[in-house]
Amino acid sequence: MTPRGPFLRPAFEARSAVAWALAAAWTGTATALADSAAPGLATCAGLSLAMCAWRSAAAARQVHVRLRLAGTAAVVLPTSRLKAALSRAGDQLWLGWGWRWETRHTQWAHELQACGADAIYPPSWLLRLAGRPTHPARARGLPWIHGIEAKEGEVVLPFDDLRGHCAVVATTGALKTRLAGLVIFQLALRGDCIIVIDPKGDRDLRDICRQAAALAGDPGRFLMLHPAFAAESVRLDLLKNWDRVSQVASRIHLVLDAQPGDTFAEFCWMAVHRITNALKFMGRRATLQGLKSALESRVALEQLALQALECFFADDGHHLHEALEAQRNVLRAQPGGARTARESTRAASIELTARIKVFRDWQPDTTSAAVRGVRPHKPEEITGLLALLDTDAEWFGKMVAGILPILTKLTTDDLLGLLSPDYDDLEDTRPILDIGRVVAGRHILYIGTDTLADESVGRAISTLALADASAVAAEIYNHGTPSDAGAQARRVHVVIDEWGDAMCAPVIQQANKGRGAGFFIWALGQTYPDLVDRFGNNDARARRFLGNMNNLIVGATHDADTMDLLAAKLGETRVGVRSESRGFSARSSDLGLGLAASSSTSVSSQTCEVFPRQLLAALPDLHYVALLNRGELIKGRIPVLVPDTAA
């Protein structure tokens with residue numbers, strides 16, 4: 001089938017232009033030699049030159065069409081130029097250059113797919129003449145995909161459309177990091193808060209965040225947390241923001257990545273909840289280090305129980321001081337009885353044993369009994385902690401064995417100071433922040449989880465950070481923030497690079513409900529199976545997450561499952577298919593040899609994908625197909641954004 005698009009036909013206009021040029025030359029020569037007919041010949045020469053120019057322009061347009069198919073060179077864009085151009089974008093995000101993909105582009109793409117590279121791309125001599133030494137057939141991907149449309153313009157996305165979040169899918173090295181840098185730079189200059197979760201620790205992405213803060217006029221907006229650069233990092237309290245005590249236990253439970261109904265994980269949740277409850281009762285902060293110490297050490301757990309009881313006796317147990325002293329004397333005077341009493345509560349010290357016995361024997365269990373006796377009832381914060389002490393030490397150790405390794409990893413070496421900050425350590429000058437303060441200060445927080453060095457620690461850091469962000473989003477959604485009294489609402493962008501390493505349940509919650517709090521999710525990944533695997537092979541949860549992404553940007557991808565999903569999301573259309581047939585026959589008769597020939601052409605339509613899946617794997621680097629605002633299909637390309645010093 002011969003393509004019917006405007007691309008592959010020869011530049012017939014060039015032949016006509018040459019003919020008109022020869023005619024102009026001949027009439028011009030004749031004008032000079034024939035004086036009598038000079039005016040008429042001069043007129044013919046002028047007309048010939050005009051026709052030559054007209055046909056040359058048409059030939060140039062056709063040559064330009066062919067050169068477009070050879071692709072467009074990558075653009076290196078300094079950050080200062082982008083900053084200067086942002087004023088023209090208004091309240092929109094600039095996503096490079098492109099055009100709207102329509103049915104006619106699908107038609108042309110199907111026709112070009114049927115042709116070989118020699119038929120599509122211009123000859124080598126023309127490419128060299130145009131200053132393109134590299135032949136497009138040797139490029140990564142198919143450059144002609146972007147060249148089938150002549151009218152390329154600016155691609156912009158209104159921020160109102162971003163409230164539906166955005167997913168970016170592309171293979172390694174094709175698009176994701178460069179697109180993230182382009183987006184982050186613009187968001188930073190607009191004063192938005194940005195939280196970047198980068199499992200790879202990409203230096204270019206980190207430098208873009210740093211320079212964006214500087215060019216925005218406030219270098220202090222940039223904050224970094226990276227285990228490999230502890231001296232340059234801020235200290236981040238990832239257990240700071242919560243409304244209910246149960247949120248802390250649920251946050252720690254997330255790092256276990258346990259399946260529903262896991263008895264060991266549920267016991268760990270209960271233990272962490274009871275310890276956190278006791279810390280809240282005493283007015284102390286819950287930290288990763290404090291939780292680890294209480295869970296792994298019987299001595300630390302007993303010390304925590306003693307401190308909680310001391311607080312109770314100091315505040316609400318003044319009437320019990322005499323009974324407490326009497327109980328101490330009994331235990332001191334009767335070592336055997338003291339040992340028996342201590343065994344009943346499994347406490348190691350007489351002081352703790354005495355306080356536990358008085359607390360249990362003299363305090364009412366219910367609120368109604370406390371009212372009748374005009375005494376405070378037993379606080380649940382203390383009874384829960386004492387229930388942990390009643391647990392057999394060996395059995396308790398086995399039940400919490402699943403959570404101790406990850407807590408130990410998160411509190412060793414430099415991570416101890418980074419993730420369990422000591423607020424009383426005046427010698428450590430690194431700032432102490434939490435996600436709530438990051439959002440309030442409209443900071444640009446770059447979290448490099450260094451997953452390549454330690455996958456489990458990297459995933460735990462990203463999960464805790466995202467859970468803290470979800471708690472802040474819930475607080476903003478429920479109560480708002482006093483600093484948001486202006487006309488423009490606060491925007492918080494959570495950029496997740498490599499969803500195969502960082503995706504977790506809090507991201508699903510933010511995608512479902514974060515819109516009302518001004519939270520925007522940018523989720524970047526390589527393949528759809530990576531997302532399914534991160535959700536414990538739960539395809540429904542993965543589709544549920546992508547279903548909340550109203551904007552989809554796709555770079556080159558080779559995974560079949562990913563292409564199937566994307567092709568289904570982009571939809572189908574109908575294209576025309578033309579078929580031609582020719583026949584020739586010969587037969588003998590009484591009159592001699594008879595010859596017959598036939599030719600027929602038929603046109604039909606067939607249903608096909610709007611954007612052929614074969615082209616998804618053939619997109620060049622920095623090129624993308626985007627489904628924006630749930631309906632607008634865009635073919636685009638982005639520049640390479642670099643700091644001015646590297647331009």
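Which residue in E15 is the bridge partner of Ile 553? The first view of this predicted model gives the answer.

**View A. Strand E15 and the strands paired with it.** The bridge partner of Ile 553 in E15 is Ala 626. Strand E12 (residues 551-554) runs antiparallel to E15, and 3 bridges join them. Strand E16 (residues 632-637) also pairs with E15 in the antiparallel sense, over 6 bridges; here the partner of Ala 626 is Ile 634. His 623, Val 625 and Leu 627 point one way from E15, while Tyr 624, Ala 626 and Leu 628 point the other way. Because 6 of the 6 residues of E15 (residues 623-628) are buried, the strand is largely enclosed by the rest of the structure.

**View B. A negative surface patch.** Asp 422, Asp 424, Asp 425 and Glu 427 form the patch. Glu 427 sits in the loop between helix H22 (414-419) and strand E8 (432-433). With 75% relative accessibility, Glu 427 is exposed.

View C. Arg 178 and Asp 204 form a salt bridge, with the closest N and O atoms 3.9 Å apart. Arg 178 belongs to helix H9 (residues 176-189) and Asp 204 to helix H10 (residues 203-215), so the pair ties together parts 26 residues apart in sequence. Arg 178 is partly exposed at 31% relative accessibility, as is Asp 204 at 43%.

View D. In the salt bridge of Glu 455 with Arg 459, the closest N and O atoms are 3.0 Å apart. Both residues lie in helix H24 (residues 455-479), 4 residues apart, about one turn of the helix. Glu 455 is partly exposed, with a relative accessible area of 43%; Arg 459 is also partly exposed, at 22%.

Key
Residues are numbered from 1 along each chain as its sequence is written. This is a predicted model: local features need pLDDT of at least 70, side-chain atom pairs count only at pLDDT 80 or more; totals for chains, interfaces and linings use all residues. Side-chain values use heavy atoms; hydrogens and water are left out. Buried means under 20% relative accessible area, exposed over 50%, partly exposed in between (1.4 Å probe, protein chains only). Helices (H or I, at least four residues) and strands (E, at least two) are DSSP runs, numbered from the N terminus. Two strands pair if DSSP finds at least two bridges between them. Patches are made of residues with over 30% relative accessible area and no salt bridge: like charges are joined within 9 Å, nonpolar side chains (Val, Leu, Ile, Met, Phe, Trp, Tyr) within 5 Å. Accessible areas come from the Shrake-Rupley method with a 1.4 Å probe; for residues, only the protein chains shown count as cover. A salt bridge is a side-chain nitrogen of Lys or Arg within 4 Å of a carboxyl oxygen of Asp or Glu. Lys and Arg count as positive and Asp and Glu as negative; His and the chain ends are not counted. The place of a charge is taken as NZ of Lys, CZ of Arg, CG of Asp or CD of Glu.
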